[in-house]
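User: I would like to go through this structure with you, one topic at a time.
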Number of protein chains: 2
Amino acid sequence: MKKSGLASPDVRAQKGQLAKRVSILEAAADVFCREGFSGASIDEIAAEAGVSRQTIYNHYREKETLFMAVIQDIMDRTNGMLFSILATFPEKADNLEEELAAFAVRLNKSCICNQDAKFIQKLIATEGNRYPHLFQFWREQGPGKTDRALAALFARLAHSAPLDIDDFDLAARQFIALIKADLQMGGLFGEAPSEAELEVSAHQAVRTFLRAYGRERRTSGLEAQH
Amino acid sequence: MKKSGLASPDVRAQKGQLAKRVSILEAAADVFCREGFSGASIDEIAAEAGVSRQTIYNHYREKETLFMAVIQDIMDRTNGMLFSILATFPEKADNLEEELAAFAVRLNKSCICNQDAKFIQKLIATEGNRYPHLFQFWREQGPGKTDRALAALFARLAHSAPLDIDDFDLAARQFIALIKADLQMGGLFGEAPSEAELEVSAHQAVRTFLRAYGRERRTSGLEAQH
DNA sequence: GTAAAATTAGACAGCATTGTCTAAATCGTC
DNA sequence: GACGATTTAGACAATGCTGTCTAATTTTAC
């Protein structure tokens, strides 16, 4: 029962503190996302977090510190999710179109529909110039690594699948671009695409990708005309 | 010499006034884009426009009116430019890859590198939720029309070019997505891609697009292996 | 139960901003 | 040059925000 021996000295009252911290971070993310950095007020964040203003100043010295903490927190989460999705990239070529499309749907759900991802995207547009180092970091750790990782996955897949890819990095970038083709615009607003729309969009993207990079000869009805 | 007869009563001193208006709109666009709506201060805009604060309040009743005017102004300009670029879409298939790539470079220059386009893109991310009607309008008149127009252009091109396109709207969206694949991320920051980078990126996109939608059989070295 | 730590509400100074007002200066036009 | 319209600088009140401080209250650990 006695936990004093287990808990290190600086972890004493962290149960309640941690809850507050999380609550503050969530509320702050919400308000920063709605109002931007300048438009967000500490009072609003405090109210939404169900916390007194002073508590925020106790945990995070000032507004900018809080802002940074929010960014860092969300970046960690999104990066983690991103790479857990990358781990589901198909290995074998059993049912290439289906499996790639399913992967595309997963990627889109976590990169475009996801709340955190939208937040980061928005923040990069708004405050990217104000905090260049932070977003340089995001860029290297997020999209930069994603592209390279996906390139490696395509390279692996090309061993067992009929893919004719010269430049794996380019193919990875184009795969992502095609995947996002239909969803980007609507994603800027609140409108989330339906599951069916995601499926259709992913299949269309993958079909085009495979037409461009698949090794099999294209089987269009026109062949008979040759 | 006498212009009083030509100038309508409410166009009297517009030469100077117009200059001020333009100057204010330019400065406001700059500051709004840098600082966001909340972060932008009228004083800063006035200083950058080389104009007194009161003059701004004379022309535009309040901050929000000025903001709307800036958006409207830039939307007009970007839409105009966009459709002037669309008019340069190739008609004949003489040198398909070259001509499409050149078109892609033009489109990218005016849609991604262009200052106004970046501004609109940023504003949609930041204030889109605050002014839904305005950006609904942009969306219908801008990207919505662009996609449909480009689809029609591909349909026309397909008459004389070896293109095998089922869904022209889809092809248009994917063309745009491929075109922007490499540039989107960097575009959020100040970094403008070099002319050479634009060329390379456009050629890669067009090559993939034509591999997916071109009617000619793909000529890869692997054919000998069949 | 007690002591230490964390939280709260509220007051507070300092500062920036918006939008108005006024009197002087400037500009365009005849 | 003179007149009317526009612009300007600056003062101004009202408001909201940040960040600090304090004293009371609650929570946590033991």
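User: What should I know about the model and the numbering?
Analyst: This is a predicted model, in which local features need pLDDT of at least 70 and side-chain atom pairs count only at pLDDT 80 or more, while totals for chains, interfaces and linings use all residues. Residues are numbered from 1 along each chain as its sequence is written, and chains are lettered from A and ligands numbered from 1 in the order in which they are written.

User: At what angle do α4(B) and α6(B) cross?
Analyst: The axes of α4 (residues 63-86) and α6 (residues 115-127) of chain B cross at roughly 130° and come within 9 Å. Helices are DSSP runs (H or I, at least four residues), numbered from the N terminus. Axes are lines fitted to C-alpha atoms over the stretch in contact, and angles run from 0 to 180 degrees between N-to-C directions.

User: Which residues make that contact?
Analyst: α4(B) contributes B:Ile71, B:Ile74, B:Met75, B:Arg77 and B:Thr78, and α6(B) contributes B:Asp116, B:Ala117, B:Phe119, B:Ile120 and B:Leu123. Contact requires C-beta atoms, placed from the backbone, within 7 Å.

User: How many residues of chain B contact chain A?
Analyst: 31 residues of chain B are in contact with 31 residues of chain A.

User: Which element of chain B gives the most to that side?
Analyst: α8(B) does, with six residues.

User: Where are the domains of chain A?
Analyst: Domain 1 covers 13-60 and domain 2 covers 72-220, with bounds from an automatic or database domain assignment. Their centres, taken over C-alpha atoms, are separated by 32 Å. Five residues of domain 1 are in contact with six of domain 2 in chain A.

Definitions and conventions:
Helix = DSSP H or I, 4+ residues; strand = E, 2+ residues; numbered from the N terminus. Contact = placed C-beta atoms within 7 Å.
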